[in-house]
Amino acid sequence: MEIINRRKRMISVARKLRREENRTIGFVPTMGALHEGHLSLIHEARAMCDVVVVSVFVNPAQFGPAEDFNSYPRDLTRDAGLLAEYNVDYVFAPPVEEIYPPGFSTYVTIEGVSDDLEGASRPGHFRGVTTVVAIMLNVVKPDFAFFGQKDAQQSVLIKRMVRDLAFNTEIVVLPIVREESGLAMSSRNAYLNDEQRRAAAVLHRSLSQARAAYEEGERSATRLTELVSSAIEREPLVRIDYVSVNDAETLARSDKLDDRPAVISLAVFIGKTRLIDNLVLGKAKKHEAAGA
């Protein structure tokens, strides 16, 4: 396994793999602090592709001024050990100036669908996400890029960007990996103390209640969000940011759900820690090709 810090080196390696060796490249972008959710993506990439590239880059452009960029967990030595165990071929771990060189002033903005949900709660967040993913896709030139369903809105936006800007990459979105309590795996779970972690189990429990109601025939988005909100509000350590039901593929809102898949998503604060989660209602596509 090679750890690459420079953009030019990563571009050179990717070019050789594709042009000279005709090998398929699977790419898993991460911010490090790896957990089982990341490893599930790497496992799928290893199964589907000849070569696996994982990036470890804490992206400053997606953090707001009052968010946890400086305290976000970083341990490249630990992460590299895990990645070696999973037979990753290349780790792209650039310093910030390799991604955003002096004078950097070009950003990718997806209009409309980035304004709601996380976009409303975290202004500028998705501009940072789509910009760094666009840079990474241009550097690595993967055949497949792997993302987790936990970041549901992000997955929709990345698919839209890949389609609109004609990237020759297929986006693969894989299911959420959860702890025994149902809590979605997240690097930020490390911020929770034992009491807060127990309280956080209400997130998946409340979403599961909404899914049960949906499967029994409930099609009112308002009623489904009320079910989730009321369950969470009974847990005093948890404060709701939002609960929303949206079309799973377009993020459009409608109070009356039809036969299209929908996603019920939430964001909450537990102490100072902000967590997100979601469940898909109905059948959604596992992955979608775009830009080919």
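What radius of gyration would a compact globule with 292 residues have, and what value does the protein have? A compact globule would have a radius of gyration near 19 Å, and the protein has 19 Å, so the two agree; the radius is taken over C-alpha atoms, and the globule rule is 2.2 Å times the number of residues to the power 0.38. The model is predicted: local features need pLDDT of at least 70 and side-chain atom pairs count only at pLDDT 80 or more, whereas totals for chains, interfaces and linings use all residues. Residues are numbered from 1 along each chain as its sequence is written, and side-chain values use heavy atoms, with hydrogens and water left out.

Along the principal axes, the C-alpha atoms of the protein fill a box of roughly 55 × 40 × 40 Å. The protein has nine helices and 10 strands, which are DSSP runs numbered from the N terminus (helices H or I, at least four residues; strands E, at least two). Buried residues make up 53% of the 292 residues, where buried means under 20% relative accessible area, exposed over 50% and partly exposed in between (1.4 Å probe, protein chains only). Among contacts (heavy atoms within 4.5 Å) between residues at least 6 apart in sequence, 74% join residues at least 24 apart.

Helix α6 (residues 125-140) has 16 residues and reaches 23 Å from its first C-alpha to its last, close to the 22 Å expected, the expected span being 1.5 Å times one less than the number of residues. Because 14 of its 16 residues are buried, α6 is largely enclosed by the rest of the structure. The helix is followed by Lys141, whose phi is positive, near 50°.

The largest nonpolar core has 38 residues, and those with the most contacts inside it are Met10, Val53, Ile99, Val133, Leu137, Ile158 and Met161. Such a core is a set of buried Ala, Val, Leu, Ile, Met, Phe, Trp, Tyr and Cys residues joined through side-chain atoms within 4.5 Å. The largest share of this core, 10 residues, comes from α6. Leaving out residues up to four places away in sequence, Met161 touches Val108, Ile110, Thr130, Val133, Ala134, Leu137, Ala166 and Phe167. Apart from this core lies another, of 27 residues, among them Ala199, Ala200, Ala210 and Leu266.

An open sheet of three strands has the order β7-β8-β9 with antiparallel pairing; two strands pair if DSSP finds at least two bridges between them. The edge strands, β7 (238-247) and β9 (273-281), each pair on one side only. Neighbouring strands of this sheet are turned by 15° against each other on average, direction ignored. Strands β7 and β8 (residues 262-270) pair over nine bridges, and the bridge partner of Tyr242 in β8 is Ala267. Helix α8 (residues 194-215) packs on the sheet, touching β7, β8 and β9, and its direction makes about 20° with that of β9. Helix α9 (residues 221-233) lies across β7, β8 and β9, running at about 160° to β7. Axes are lines fitted to C-alpha atoms, for helices over the stretch in contact, and angles run from 0 to 180 degrees between N-to-C directions.

Within helix α9 is Ile232, which counts as buried because its relative accessibility is 0%. Neighbours within four places in sequence aside, Ile232 is in contact with Val202, Leu203, Ser206, Val238, Ile240, Leu266 and Val268. The C-alpha atoms of Ile232 and Ala199 are 9.3 Å apart, with the two residues 33 apart in sequence.
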